[in-house]
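Please read the following report alongside the sequence and the coordinates.

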Amino acid sequence: MTDTSPGAPTAGWRRFAWLLAPLLVLAVAVAWIASVDPLRSFNNGAPPVEAIAFERVVLDSGGIKTFIRAGGSEPMTIAQVQIDNAYWTFTMDPPGPLARGSTAWLQVPYPWVLGEAHRINLVTNTGATFEHEIPVAVPTPVATQGQLTQQAIVGAIVGILPVAIGLMFYPALRGMGSLGMGFLLALTVGLLAFLLVDMTFEALELSLQSAALFQGQAMVILAALSTFLILMGIGRRSGQPEGLALAFYIAFGIGLHNFGEGLAIGAAFAAGSAGLGTFLVLGFAIHNVTEGIGIAAPMVDRRPPLWTFGALTLVAGLPAVFGMWLGSLAYGPQWSALALGIGAGAILQVIVEVTSYFLRRAEREGQSWLSAPVLSGFLIGLAFMYVTAAVIKI
Amino acid sequence: MTTQHETEKVSRRSLIAGIAAAGGTAAFAGVAAAQSMPGHDMAAMQDDAPSAVNPYSAPSIHEGGHGQMITVGRVDAAANGFDPTAMLTDWDFGTVSLMEDGRVLRTFEVEAIDKDIEIAPGVTFPAWTFNGRVPGPALRAKEGERLRIVFRNYGSHPHSMHFHGIHSWRMDGVPGAGLINPGEEFIYEFDARPFGCHLYHCHALPLKRHMHKGMYGAFVIDPDPELHPEFADAARSRLYGTPENARWQELVMVMNAFDTNFDNANEFYAVNTVAHAFAQQPIRIEKSRPVRIYLVNVTEFDPINSFHLHANFFDYFDTGTTLTPTLRTVDLIMQCQAQRGILEFSYAEHEAGPYMFHAHQAEFTELGWMGMFDVVEA
């Protein structure tokens, strides 16, 4: 720094000029390509590429409404709308051609039938068709107070209740020997590993339903990596997180996962594909009890104040309620995928932190990380999650 | 209405219970209740419907028999260069001259042209046409005349005119017999026989593609009354230009369809190309005059098409090659691909008003093949 500082002003100008040069060339290139159109010779008369993503479908007393996003190489025009192989009147808001990435609502006054399947088919001005299936038609939930309360109750049952129950194991877990502690932490890593795998695939699957321009799969992976790095950075500002701090990070990661689960249940509601019985809800609850144990694990040799248990329960469980609400309103799949990607990143961070905490302990106490209790803890965590998940996969 | 709705609510609940039972236990009743829309019953819908149209109420007479089940907008007939309504009565009689032996020589000129046409409001189809229109010109001649069809191919692919009629193999319009390359010309020549309601179409390969791209048209040969003395009256009523024929309202209808996304299934069905054309603009019929329809089916991909007349019955002459009906007093006929015939009926005894007609394959109807006769006092 010191040897360049005398010439700093000139260097700054020069740097600016060098920065400007490539940008200028880019601007000239863009202007040239746009005006001369050197790609014209590739124009073989083929029709433009057309793509449409259906992001939301709303069924109500006015008929069928759908929110679409265009992804064509040129602006696209919706010429006609078929429902169940019948042309139907429709209105479009905003009307007119849809530029790449732009969206519109289509409202079709079609008398859909409760509990039955329907097919939307859009015909563009080139005669291309884009189809979307409504597997089971049910009225799209609207955000009324009664509706929100009912969903909040389901969200609390699948999110808050099991975490609270898991945390209630805390007194029993206290005073365990170092072997028991190793088992417990390994169990936590096992269940987190299951959540990471589950969430990542869920996110990738959802992302495939979104418009191509969102590059869903890349978006999921990049969101996960960014979240992981940001949380690692925050977590390590004052040393490696342990005890209560680590418990909160775990609760946060699990909270994002439960948000994703809430989205899935809510979306299933909206799609009409969920016969959401008691069995399913109980399945979610049991599946998630281990999450409470996982959160408690790094605190068992500390003495946290009582309020922290309440706070941890809410951080980990409450997002399920928000997920239910959002998911049932049937927002675009790319946003759900993004939320799940962020959740996967958060889970990865706690896996790294719990593992690192466990390794430090093991080293301090001269344990092997490949001991029988540790390995069995990890595998039992995985297996428990896998088996209980069999119940809740729709 | 209400009763019907109660049933629906019940069935939805039982559906949830059913799925839950499959999972091994009873329904989560609270959730099910939360999901059933408050007042998903048709009476209540009228009040809270966000749009002007209530999808659950019966359409009024002002909605033209189709209610909301119709394509949106109108086709620009001027830009297309042809109008489905005008085509109903637009016959091509060619030019007439006398040959040395005193027989009539009738000459038609037909050109194959590639043309983008609007087949439904806002939907463009890259058609192959005869004379720039789909269906091609409705050629009409008299039994026994010598026909000469000068065919020029200005399209981008080989094409032909294959006539359903009686002629030499050399005039058949198949490969090696009048199937010509772009830029070439061929003259088909044969006698007009047998009388009836026929068609012509391109017979280039692949046939399906050349057909559904739009290369077909009606080909009607009127009977010569002198050759059929036992049915001279019937023959005269069919022969264009006679006073007996003039009292008839004659319409030519070509039932066609378009596969706009090229998946070997049709997106649009119609008569004379434009989906819902006669639903949007009913065909005016004077009730005192009898109606004769020359009906041709050129629909590709679907093996049969049909014609159903509402509130009335008709006599049918399959292929039009007889002067007595082949079917009497029916309200529905079906035609396989390239089958055709003549329908005769009357509204003389009817109350004036809108009368519907359509294919009775509901799918075709709902995808554009339906129309209305506007029967008026006259």
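## Annotated domains

Over residues 263–376 of chain B, 8% of the chain is helix and 47% is strand, with the end C-alpha atoms 42 Å apart; helices (H or I, at least four residues) and strands (E, at least two) are DSSP runs, numbered from the N terminus. The model is a predicted one, in which local features need pLDDT of at least 70 and side-chain atom pairs count only at pLDDT 80 or more, while totals for chains, interfaces and linings use all residues. Residues are numbered from 1 along each chain as its sequence is written, and chains are lettered from A and ligands numbered from 1 in the order in which they are written.

In an unreviewed entry, UniProt lists residues 117–224 and 263–376 of chain B under "domain: Plastocyanin-like"; such positions are given in the numbering used here, feature names are shortened, and annotations may be inferred rather than shown by experiment.

## Annotated binding residues

The unreviewed UniProt entry also lists His159(B), His164(B), His201(B), Cys202(B), His210(B), Met215(B) and His360(B) for "binding site". These residues span 202 residues in sequence and their farthest two C-alpha atoms are 32.9 Å apart, so they do not all gather at one spot.

Met215(B) is placed in the loop between helix H6 (207–212) and strand E10 (216–222) of chain B, and with 29 other C-beta atoms within 10 Å Met215(B) is buried. A residue is called buried if 20 or more other C-beta atoms lie within 10 Å of its own, exposed if 12 or fewer, and partly exposed in between, with C-beta atoms placed from the backbone. When residues up to four places away in sequence are not counted, Met215(B) touches Trp128(B), Phe130(B), His159(B), His201(B), Cys202(B) and His210(B), contact being defined by C-beta atoms, placed from the backbone, that lie within 7 Å.

His360(B) lies in the loop between strand E20 (353–358) and helix H10 (362–366) of chain B and, with 16 C-beta neighbours inside 10 Å, counts as partly exposed. Leaving aside neighbours within four places in sequence, His360(B) is in contact with Ser306(B), His308(B) and Leu332(B).

## A sheet in chain A

In chain A, four strands form an open sheet in the order E1-E2-E6-E5 with antiparallel pairing, where two strands pair if DSSP finds at least two bridges between them. Its edge strands, each pairing on one side only, are strand E1 (52–60) and strand E5 (91–93) of chain A. E5(A) is joined by three bridges to the antiparallel strand E6 (residues 103–108) of chain A, and Met92(A) stands opposite Leu106(A) in E6(A).

Definitions and conventions:
Contact = placed C-beta atoms within 7 Å.
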